[in-house]
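Colleague: I am new to reading models like this one. Could we go through it together, one question at a time?

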Amino acid sequence: MDFTIRAATFEDCKDISRMILELAEFEKVSDHVKITQRDLEQDGFSKNPFFHGIIAEVPEHLKSREGHTKIGYSLYFYMYNTWKGRAVYMVDLYVMAEFRGKGIGKALMTKVSQLGLAAGCTQLNFTVLDWNKSSLDFYLKQGCWDVTSELGYHCMRCEGEALQHLAQGEL
Amino acid sequence: MRFTISAAKPEDCKDIERMIMELAVYENMPDQVKISHKELERDGFGPNPFYHCLVAEVPEEHKSKDGNTTVGYVIFFYTYSTWKGRTVYMEDLYVMPEFRGNGIGKALLGAVAKEAKDQLCSRLQFSVLDWNKPSLDFYMAKGAEDLTAKEGWHFLRFHGMALDNLAQEAP
């Protein structure tokens with residue numbers, strides 16, 4: 001299939017927001033999505049962006065059933081590993097269901113790794129839910145490894161009241 | 001015990017390098033540390049740093065057995081959740097063993113949480129090794145959730161040849 005991968009622009013935020021919701025529905029947590037198109041515009045396209053994005057597009061004659069030509073995306077940001085230095089973290093990788101199986105997901109991921117290497121990164125990191133077997137298989141087949149299973153690192157989070165208390169030095 | 005928490009300066013990178021190694025020894029992975037104070041200086045200071053760092057210092061009269069007055073650090077950076085927006089990721093939190101039990105770790109954690117709130121971040125995320133019971137207990141007591149145990153999130157990583165191979169396939 002004919003498709004292109006390019007850097008996301010401010011104008012893409014509407015489609016990215018749409019696809020974020022589609023991905024959340026797949027992960028069975030669409031009520032968890034609190035950010036909007038406006039948040040993406042402010043946080044991704046300012047002087048110190050919180051993330052970067054790439055978009056997969058198909059030509060007009062291959063558009064989706066609902067008329068979309070922007071049919072996949074990946075959002076990523078730069079991070080730091082105190083043992084290995086610069087790294088890139090891939091937040092989301094998504095291709096609309098009707099466009100899967102055509103190498104678009106892989107093209108998005110390889111583009112993020114190419115951009116990461118160009119920025120001096122030595123790792124591409126991301127998270128996957130343990131029940132998401134199709135994604136786990138896809139990634140493990142490409143040569144990544146499961147840091148949680150192999151080394152025992154657990155993802156931890158503080159939010160809401162717990163974060164508030166920490167910030168106020170109350171605990 | 002009196003101590004101060006302040007933003008790290010480039011001159012602190014030698015002490016941060018020393019403490020990164022101490023933390024890696026504690027995590028039983030000292031041979032994994034590949035970066036030095038040079039990379040820390042290059043990557044942490046400038047218009048678009050890869051990380052931020054706060055250090056804990058004690059006055060000269062409380063210096064460590066080895067003569068150090070920089071006795072703890074926390075390294076963090078800003079990240080993004082496509083569901084909740086801006087977040088902070090805490091990469092390392094460390095206090096030298098002889099200075100523990102004086103509230104320094106709690107103060108460093110509180111300072112990062114405050115930065116998170118000031119920057120309108122809704123989450124503070126980090127990882128802990130599953131066998132590290134003292135740290136797990138410390139964080140869970142402050143309201144942290146273990147997302148690996150609770151929701152099944154796993155960290156995955158590409159590095160070395162697998163990352164190079166992936167990047168070479170980019171469109």
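**Strands and a buried aspartate**

Modeller: β3(B) and β4(B) pair in the antiparallel sense over ten bridges; strands are DSSP runs of E with at least two residues, helices are runs of H or I with at least four, and both are numbered from the N terminus. Two strands pair if DSSP finds at least two bridges between them. This is a predicted model, where local features need pLDDT of at least 70, side-chain atom pairs count only at pLDDT 80 or more, and totals for chains, interfaces and linings use all residues. Residues are numbered from 1 along each chain as its sequence is written, chains are lettered from A and ligands numbered from 1 in the order written, and side-chain values use heavy atoms, without hydrogens and water.

Colleague: Which residue stands opposite B:Y80 in β4(B)?

Modeller: β3(B) and β4(B) form a hairpin, with three residues between them. In β4(B), the residue opposite B:Y80 is B:R86.

Colleague: Why is strand β3 of chain B largely enclosed by the rest of the structure?

Modeller: Buried means under 20% relative accessible area, exposed over 50% and partly exposed in between, with a 1.4 Å probe and protein chains only. β3(B) covers residues 70-81, and it is largely enclosed because the number of its residues that are buried is twelve of the twelve.

Colleague: What is the order of the strands in the open sheet?

Modeller: In general, strands of a sheet pair through backbone hydrogen bonds, either parallel or antiparallel. Here seven strands form the open sheet and the pairing is mixed. The edge strands, β1 and β6 of chain A, each pair on one side only. The order is β1(A)-β2(A)-β3(A)-β4(A)-β5(A)-β7(B)-β6(A).

Colleague: How many bridges join β5(A) to strand β7 of chain B?

Modeller: These two strands run antiparallel. One pair of residues standing opposite each other is A:L124 and B:F158. The number of bridges joining β5(A) to β7(B) is seven.

Colleague: Which side chain of opposite charge is nearest to A:D92?

Modeller: A:D92 lies in strand β4 of chain A, and its side chain makes a polar contact with that of A:Y73 at 2.7 Å; such a contact is a pair of N or O atoms within 3.5 Å, where within protein one must be able to donate a hydrogen and the other to accept it, and residues adjacent in sequence count only if both atoms are side-chain atoms. A:D92 is buried yet has no salt bridge, meaning a side-chain nitrogen of Lys or Arg within 4 Å of a carboxyl oxygen of Asp or Glu. Lys and Arg count as positive and Asp and Glu as negative, while His and the chain ends are not counted. The nearest side chain of opposite charge is 9.7 Å away and belongs to B:R123.
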